[in-house]
Every structure is written in structure tokens, then in C-alpha cells.
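Let's take a friendly look at how charged side chains pair up in a protein. Keep the sequence and the 3D view open as you read.

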Amino acid sequence: AVYRGDDNGSGMRVGIACSRFNGSVTWRLLEGALGGLDECGVARADVKVAWAPGAFELPLLAKAFATHGAVDAVLCLGAVIRGETGHYDVVAAECAGGIERVQLDTGMPVAFGVLTTDTVDQALERSEPGEANKGREAALTAVEMYRLRRSVMI
């Protein structure tokens with residue numbers, strides 16, 4: 001089923017940690033994320049975007065958002081594209097593990113919108129405008145997890 005959005009994000013505050021590295025891709029992910037948050041009724045005034053140098057630094061930025069108390073959920077957006085060295089494997093794994101750790105340590109929803117692809121073309125395809133944009137999907141996930149977390153807290 002395709003999510004059509006509703007007002008379930010109304011009043012929600014969101015921090016977006018976005019990587020500058022591979023900016024031609026991450027800007028598109030950010031646009032998709034902002035569109036997804038719009039679909040859910042999250043006001044643009046309630047969205048704070050901060051830029052990290054690369055995907056490896058996203059967990060620290062996510063932790064800063066999560067522990068500051070000014071947001072209800074965090075989106076991490078980036079693109080790790082395989083190159084000719086083993087750098088890809090280290091960055092992708094540490095980025096994913098760090099983001100997971102922030103979520104588990106803080107109890108705050110932290111959505112993983114970091115592409116891990118073999119080629120730039122694959123990353124561009126996954127960041128195209130529209131419903132399949134992975135930034136948009138991360139935004140919808142963050143709103144859903146925020147609402148789900150609130151529903152189980154009594």
C-alpha cells in the first residue's frame with residue numbers, strides 16, 4: 001500500500017542530520033524527506049536541518065539532536081557509494097551501527113535514510129523525486145515510529 005499521508009505528524013518536531021558528502025544525492029534525499037514530512041502534517045517551522053561532513057559523522061549529529069530535547073524524532077540522510085577501496089564497508093557499517101545505537105540508547109526514533117549503493121546511478125535512482133525517494137521513506141518511518149512509540153507509552 002502506498003502511504004498517502006495524513007495529519008499524524010501535526011505538532012511533531014523533527015531534526016534532520018544530512019551528509020554534505022555526495023551532495024548531489026543528499027540534497028535530493030533532503031527534498032524527499034521534507035516532502036514526506038509535509039505529507040504527514042509536520043510544519044516546516046518544526047523541522048531543523050543540520051549538515052554533517054559525511055555519513056560517518058551522522059550518528060554524532062543524530063545523538064546531539066536526540067539528547068538536546070528540542071525534537072521528537074531524527075532523520076539521518078546520506079549516501080555511501082562503493083569505491084575501489086574498503087572504505088565503503090567501514091563507513092557504511094559504522095554509520096548504520098552508530099545510528100542504531102543512538103536510537104536504542106536514547107529511545108528516540110532515528111530513521112535511517114542513508115543510501116548504500118554500488119554506483120552513483122543507483123544512488124541517483126533511489127533519490128529521484130517522488131514516492132520512491134528514500135528520504136521521503138525515512139520521513140514517513142520517523143513519523144510512524146514516533147506515533148507508535150507514543151501509543152505504547154502509558
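## A linked trio

Aspartate 89 is partly exposed, with a relative accessibility of 44%. Please keep in mind that you are looking at a predicted model. Which side chain does aspartate 89 meet in a salt bridge? The partner is arginine 82, at 3.5 Å from N to O. Arginine 82 is partly exposed as well, at 36% relative accessibility.

Side chains of opposite charge can pair when their charged atoms come close. Take arginine 136 and glutamate 39, whose side chains form a salt bridge with an N to O distance of 2.7 Å. Because arginine 136 sits in helix H5 (residues 134-152) and glutamate 39 in helix H1 (residues 23-39), the pair ties together parts that are 97 residues apart in sequence.

Is arginine 136 buried or exposed? At 7% relative accessibility, arginine 136 counts as buried, whereas glutamate 39 is partly exposed at 27%.

Another salt bridge brings together the side chains of aspartate 72 and arginine 13, at 3.0 Å from N to O. Aspartate 72 belongs to the loop between helix H2 (58-68) and strand S3 (73-81), and arginine 13 to the segment before strand S1 (14-19), so this contact ties together parts that are 59 residues apart in sequence.

Aspartate 72 counts as buried, with 14% relative accessibility. Arginine 13, with a relative accessible area of 30%, is partly exposed.

Technical notes. Residues numbered from 1 in each chain as written. Predicted model: local features only at pLDDT ≥ 70, side-chain atom pairs only at ≥ 80, totals over all residues. Heavy atoms only, no water. Salt bridge = Lys/Arg side-chain N within 4 Å of Asp/Glu carboxyl O. Helix = DSSP H or I, 4+ residues; strand = E, 2+ residues; numbered from the N terminus. Buried < 20%, exposed > 50% of the residue type's maximum accessible area, 1.4 Å probe, protein only.
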